[in-house]
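Me: I'm new to reading structures, and I'd like a close look at a single part of this one. Could you pick one residue, walk me through its surroundings, and then zoom out a bit?

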Amino acid sequence: MNKLNPIIKVENLKAVYLVREGTIKAADGISFEVPENSVTAIVGESASGKSTIIEAMTKTLPPNGRILSGKVLYNGKDILTLSNEELRKIKWKEIALVPQAAQQSLNPTMKIIDHFKDTVEAHRVNWSHNELIKKASEKLKMVRLNPEVVLYAYPLQLSGGMKQRVLIALALLMEPKVLILDEPTSALDVLTQAHIIQLLKELKKMLNITLIFVTHDIAVAAELADNVAVIYGGNLIEYNSTFQIFKNPLHPYTNGLINSIMAVNADMSKVKPIPGDPPSLLNPPSGCRFHPRCEHAMEICKKEKPQLIETENGAQVACYLYKEGGR
Amino acid sequence: MKQVIKIDHISKIFSRGFFKKQHKLVLSDINLEISQGDRLVIVGESGMGKTTLARIMANLELPSEGEVLWFEKNIQKLREKEKKLLRGKVQYIHQDPYASLHPAKTIYKIIADPLRNAQKINRKEVYEKTKQLLEKVGLTPAEYFFNKYPHHLSGGGRQRLAIARALTTEPQVIIADEPISMIDMSLRAAIIKLFKDLNDLYGIAVILVLHDIGAAKYFTYEKGEIAVLYGGKIVEKGKGREVLTNPVHPYTKVLINSSPIADPEIARNRVVEQLRSYEVPVRTPESKGCPFAHACNYYTEKCLEEDPQLIVIDSSHEVACHVFSK
């Protein structure tokens, strides 16, 4: 794994949600580095805390979310301690977030062009109307949309794939260096999903940007990512290059996840589901959060939470089956 | 084998508007036959009519044209009493287990209530049967779940509960609409496995509506058929293995080729064919030509004019395409 020039460094990030029943420990001490000009996938099941990580990184947590501790370093600056005005200078111009299209991220009463206008105004850039249209058209063409049609359309006139592409174009408006995407392909059809993946690959090549995306589908990570971070129950349990993750998964959960994929090319006699259910983050299991479902569980797994260690090959894994520097 | 469901030249038209009626052809001329102990997968993208087809099969929706036969009887012509008798033999499982279960009923009641309705049994037997059903779908130990509510379960657990509820009437056919689309990745294979087990162990015919080709392959790996739906038409039909390894229709090919592959080396080196359009076709009863013609890379003049019919190209493999079905 390329360790040079981390553009974003997350250190011991802890975030919780306050709910009536208690606190949901959605990110429990997450640390990782994102190398510059790479594609990093954050993979996990629903409610594993994967979206919390990127929301905490961009300070866009919902009102009941709290960041307890940790640092998010962007070029050496801690984003979490910046004031709103300073943050405004970084957001969109340096780091842009593409929310999930399925969650109705676009305002249904506004035309697409007004979304672009709003974004520009919010970031205090003085572009003339013509300049704005020129730049917006350029970005829409980049995502293979026809600007003449799309700019003056309402979101309801666009299909799911088109909305997702509009959101990507909107995020690219101020030429950010880092693009963070939340589930870019979920809730899309198979063909549209393949189309968006292809598009992201091309954008990456064309613009030389750093991509971080969250997905629940590890097969999408196989197509797009250079590095994969696997999240389980609010913990980072494995971080490695994509090729290593798929060829030589270390953590039993990663292994189980890969074996449970029903891909078209997979040997169907070898598909094996993971037994049990994902943990509740309101009341997570003691020790390693995977131990109730793990076939290799030992006594120590039930008592103490394993730390993320680095093995000989540079992989990072949090499991007692592996030793620091060993394999 | 005894035939359980047969749909015969089914069409469905949705109409709206009062002064100016607009008609939309959702399904056109569909024929399918399911026998006892069969597995069938209906695949396609959203907007292709998959759910409507499943609902017509389950008699939750009436077809505009054509007949639905359950156990060789036309259900629309049956008397209420007979219909009620057959109703329990065909069960439908809804897509979203977060919405299809009563939130204020305990898991015991969710199973026991329909059980009492469907079978004339006493209290002790109801208890025993409920326990058996929950264990059958993998919610073990059953007693642990009795006094819990659906919100205590994960998506996979809820879907298992919905399946257990469908089993209370001892059905011979289960129709499930996208049973895994709302469920976590690591639990999906387990749910499909459960359907396979129900089919193997109890001989229940299972019809799944899926958009995930990988899951369709997993389900029909040993046996079973796949029907590919595009624009309200079956464009390819046949043995699951045969269709997925030797797809003939250009849409089936693109669909299989676009599915994510969990191998970085293959995924990066393959070339995914780009279609001419990704729009969902809107068909009216007046539309002519192949519904896929607007997106197909191989279309000819004939495709725009004439709607291709399903042609048998191999034993148990049918394709509707002017260009490839020779």
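Reply:
**A close look at A:Ile309**

A:Ile309 counts as partly exposed, because it has 16 C-beta neighbours inside 10 Å, while a buried residue would need 20 or more and an exposed one 12 or fewer. Keep in mind that we're looking at a predicted model here.

So where does this residue sit? A:Ile309 belongs to strand S11 of chain A, which covers residues 309–310. If you skip its neighbours within four places in sequence, A:Ile309 is in contact with A:Val317, A:Tyr322 and A:Glu324.

Now let's zoom out to where the two chains meet. Chain A puts 36 residues into the contact, and chain B puts in 35. On the chain A side, the elements giving two or more residues are helices H7 (190–207), H8 (218–224), H9 (242–247) and H10 (252–259). H7(A) provides the largest share, with 6 residues. By type, that side of chain A splits into 21 nonpolar, 10 polar and 5 charged residues.

And the partner? Chain B has 12 helices and 12 strands. Its radius of gyration is 21 Å, close to the 20 Å that the globule rule gives for 326 residues, so chain B is as compact as a globular protein of that length. The C-alpha trace of chain B spans about 70 × 55 × 45 Å along its principal axes, and buried residues make up 47% of the chain's 326 residues.

Methods:
Residues numbered from 1 in each chain as written. Chains lettered and ligands numbered in written order. Predicted model: local features only at pLDDT ≥ 70, side-chain atom pairs only at ≥ 80, totals over all residues. Helix = DSSP H or I, 4+ residues; strand = E, 2+ residues; numbered from the N terminus. Rg over C-alpha atoms; globule rule 2.2 N^0.38 Å. Contact = placed C-beta atoms within 7 Å. Nonpolar A, V, L, I, M, F, W, Y, C, P; charged D, E, K, R; others polar.
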